[in-house]
Amino acid sequence: MTGRVIVITSGKGGVGKTTTNANIGTALARAGKKVVMVDTDLGLRNLDLLLGLENRIVYTIVDVVEERCKLKQALVKDKKNPNLCLLAAAQTRDKSAVTEEQLKDICDQLKEKFDFVLVDCPAGIEQGFQNAVAGASEAIVVTTPEMSAVRDADRIIGLLEAKEEIKSYKLLINRYRPNMAASKDMMSKDDVVEILSAELIGIIPEDTGIITSTNKGEPIVNDDDSLAGRAYRNVAQRIIGEDVPIIDFEEEAKLSNKIKKFFSKFLNKGKEN
Amino acid sequence: METGYIDNGFIVDLTHALKISEIIYELSRTLDMPEAKEKYICLKLGAIDLTAEELTSIKTLIELMESQLACISTSSAKTLESATSIDIKVSEFTNEISAPSFNNNKEESPQKEVVEALDNIFGEEKQKDANVIREIRHDDEFEEPEPNEDEEDHIKELRAEPEKLPTLYIRRTIRSGQSISSDGNIVIIGDVNPGAEIIAKGDVTVWGILAGIVHAGSEGNGFARIRALKLNPVQIRIGDVFARRPDTVNLPFIQKTSEYTPEEAFTHKGSIIIKKIHNEN
């Protein structure tokens, strides 16, 4: 078996790389794929927290590289889904503890055993980014509809295009507020796609449920009622190759705005009377 | 081949077992019963192929459980060969044997987790697997057994070891990503935040909230102890025993209060127990 190695990156920090990684990974595993997530954010690891696996980590990627354990021993199985594994980053070391070649070697070994290897990239364009990209052949660039994040995503796409190993990259717009986009207070998805001229793989709406799910260590895709969860499952389906339309939150927002207006008029009338 | 009959023993029927881990699991469960001590055991094996090493480990397990392996029966030529090579008697016993037969309840399949854990032991990887760490046990009622008077000298030494070690004394908060290690004991006046790591050859004492990873007795001393005003570590390691915070206690942070009851962590029969330290009135 040769799995796909996908790096999830953004350039700017705080746009939701790790959240995206945890949710896409979980969604792919729920769809029956064997998935391993590799956290390369050495010294600032978070992926284990989002998955609620922090207390299970014994060995990290640095232990594998420095041969204190075998790769298989360092893989932490998810609490719920046996198809899902995590290779955690070391918290007490820095980015220089692992080299590009070592990371590529680990990814090559993992793709023999898993359908998907999702690499969580640290923010920035320094060594951490170079390491994370080393073993990957595909990339998902996460951005938010803000000028600064889009600018950084543009820089990242430039760097990815210069890399021969990266065969394709897709764009994911995170923390999207359809209402604000509809009222032109925020960049719309079309603006972002036009600036970056990249293929879109999904739009994730802003959802306060993400905060709760992060604190609980439970990815939001496991919540069947959540809109963001639905959007992430949608992205996973598209990664697998299923032809599902991208949820058009703007249309949904316009519609719900109309309904709200209609009802508020209706209610106000009720009050006046 | 001879017809098996055993004095002072019984037959364990494992003909349905397809994996060595199932055999080990069912055997250890059966032999754990008080009436199974100091008996001669006949193992009824099915078509499973066992190597000489695997048969030896089964024999060792039975001896560890204070019984003797008298003979086995098998329908596998390979197992037969392995048994002959290491002098385990092979018999063919029928159902009419007068020895009591312990038929393991087949409806109750061995717990998957246990079988998986045993697979890990008998599989290629013999080292500690990240997926079999136990949970920390919080038990304020736990009564610690008094140390045995006539215990061996090296155990007494281990128990007293931390008192003879030097101590590292730190007066600040240990933050995420920081790692403090010492060849002696460690005393920290301040909190140990999640993501921090404390590793000591001897004891660890924290005058504050301990929420990171802590390893006492890092060179194998299972008698080392960990004390803190509030013990909420992600993981505790004492000697070679590892335990993780239970998933039910998923607290991202601890509410600070003005009153704490100090807590202590220690090992007991392969698990780690946290107990509140009360005044003994």
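Student: Why does A:N234 count as buried?

Tutor: Set the value against the definition. A residue is buried if 20 or more other C-beta atoms lie within 10 Å of its own, exposed if 12 or fewer, and partly exposed in between, with C-beta atoms placed from the backbone. A:N234 has 21 C-beta neighbours inside 10 Å, so A:N234 counts as buried.

Student: What should I know about the model and its numbering?

Tutor: This is a predicted model: local features need pLDDT of at least 70, side-chain atom pairs count only at pLDDT 80 or more, and totals for chains, interfaces and linings use all residues. Residues are numbered from 1 along each chain as its sequence is written, while chains are lettered from A and ligands numbered from 1 in the order in which they are written.

Student: Where is A:N234 found, and what does A:N234 touch?

Tutor: A:N234 sits in helix 11 (residues 227–240) of chain A. Helices (H or I, at least four residues) and strands (E, at least two) are DSSP runs, numbered from the N terminus. Leaving out residues up to four places away in sequence, A:N234 touches A:G202, A:V244 and A:I247. Touching has a cut-off: the two C-beta atoms, placed from the backbone, lie within 7 Å. A:P245 is eleven residues from A:N234 in sequence and 8.3 Å away, C-alpha to C-alpha.

Student: What makes strand 3 and strand 8 of chain A edge strands?

Tutor: Start with the order. Eight strands of chain A form an open sheet, 3-4-2-5-1-6-7-8, with mixed pairing. Strand 3 and strand 8 (200–205) each have a single partner strand, so one side of each is left without a neighbour in the sheet. From one strand to the next the twist averages 25°.

Student: How do you know that strand 2 and strand 4 of chain A pair?

Tutor: Two strands pair if DSSP finds at least two bridges between them. Strand 2 (residues 35–39) and strand 4 (residues 84–87) of chain A are joined by four bridges and run parallel. A:V38 has A:L87 as its bridge partner in strand 4 of chain A.

Student: Which strands does strand 6 of chain A pair with?

Tutor: Strand 1 (residues 4–9) of chain A is joined to strand 6 by four bridges, in parallel. Strand 6 and strand 7 (residues 168–176) of chain A pair over six bridges, also in the parallel sense. Here A:A139 has A:Y169 as its bridge partner in strand 7 of chain A.

Student: Why is strand 6 of chain A called mostly covered?

Tutor: Five of the six residues in strand 6 (residues 138–143) of chain A are buried.

Student: At what angle do helix 7 and helix 9 of chain A pack?

Tutor: Helix 7 (residues 147–161) and helix 9 (residues 189–196) of chain A pack at about 35°, with axes 10 Å apart. Axes are lines fitted to C-alpha atoms, for helices over the stretch in contact, and angles run from 0 to 180 degrees between N-to-C directions. A:V150, A:A153, A:D154 and A:I157 of helix 7 meet A:V192, A:I195 and A:L196 of helix 9. By class, this contact has six nonpolar, no polar and one charged residues. Ala, Val, Leu, Ile, Met, Phe, Trp, Tyr, Cys and Pro count as nonpolar, Asp, Glu, Lys and Arg as charged, and the others, Gly among them, as polar.

Student: How many residues does each chain give to the contact between chain A and chain B?

Tutor: Chain A gives 20 residues and chain B gives 21. Helix 4 (71–74), strand 3 (75–77) and helix 10 (209–216) of chain A each give two or more to its side. Helix 4 of chain A gives the most, three residues. The side of chain A divides into five nonpolar, eight polar and seven charged residues.

Student: How many helices and strands are in chain B?

Tutor: Chain B has five helices and 17 strands. Of its 281 residues, 33% count as buried.
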